[in-house]
Amino acid sequence: MELVDELSLEAKNIGSINTIKFMEGYSIGYNTDYFGFISSLSKYNIDVKNKIVYVLGTGGASRAVIQALKDLNSKKIIAVTRNKKIKRIWMWNLLIIMSYQRKEKGIF
């Protein structure tokens, strides 16, 4: 992220970029996962405002999904992960990390 001249607001909040726009010697970093997720919610008329939502997984794209849910005023965001090392992603009071373990082989 330090290699671009500017970060878009969502990229700053998420802490990662996946797209760089170059314009006459100037570059801006964006996170398109954020916009893609919001676009999908809009396309299918899914309203997350004041809702409790679950995010399955805590990989790279989950950061964008969680930021989008926060920006869309979700009541509570619960991230579900198998990663025992993750205690919390951000210090938001609305984000809860829930861990689970695989009970049987071949399920996940």
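Helices (H or I, at least four residues) and strands (E, at least two) are DSSP runs, numbered from the N terminus. What you are looking at is a predicted model, where local features need pLDDT of at least 70, side-chain atom pairs count only at pLDDT 80 or more, and totals for chains, interfaces and linings use all residues. Residues are numbered from 1 along each chain as its sequence is written, and side-chain values use heavy atoms, with hydrogens and water left out.

The overall layout, briefly. There are three helices and six strands in the chain, and along the sequence they follow the pattern β-α-β-β-α-β-α-β-β. Of the 108 residues, 32% are buried, meaning under 20% relative accessible area, with exposed over 50% and partly exposed in between, using a 1.4 Å probe and protein chains only.

Now to α3, residues 60–71. Its buried residues are S62, A64, V65, I66, Q67, A68 and L69. A61 also belongs to this helix, but counts as partly exposed because its relative accessibility is 42%. A61 and I14 lie 47 residues apart in sequence, while their C-alpha atoms are 9.7 Å apart in space.

Next, the packing against α2, residues 32–43. Two packed helices are described by the angle between their axes and the distance between the axes. Here the angle is about 55° and the axes are 8 Å apart; axes are lines fitted to C-alpha atoms, for helices over the stretch in contact, and angles run from 0 to 180 degrees between N-to-C directions. The two helices are therefore oblique to each other, as under 35 degrees would be roughly parallel, over 145 roughly antiparallel, and 65 to 115 roughly perpendicular, with the rest oblique.

Which residues in α2 and α3 meet? On the α2 side they are D33, Y34, F37 and I38, and on the α3 side A61, A64, V65, Q67, A68, L69 and D71, with contact meaning heavy atoms within 4.5 Å. The residues of this contact divide into eight nonpolar, one polar and two charged.

Finally, what follows the helix. Just after α3, N73 has a positive phi of about 65°. S74 sits in the loop between α3 and β5, residues 76–81. Is S74 buried or exposed? S74 is buried, because its relative accessible area is 6%. The side chain of S74 reaches the backbone oxygen of V48 at 3.4 Å.

Definitions and conventions: A polar contact is a pair of N or O atoms within 3.5 Å; within protein, one must be able to donate a hydrogen and the other to accept it, and residues adjacent in sequence count only if both atoms are side-chain atoms. Ala, Val, Leu, Ile, Met, Phe, Trp, Tyr, Cys and Pro count as nonpolar, Asp, Glu, Lys and Arg as charged, and the others, Gly among them, as polar.
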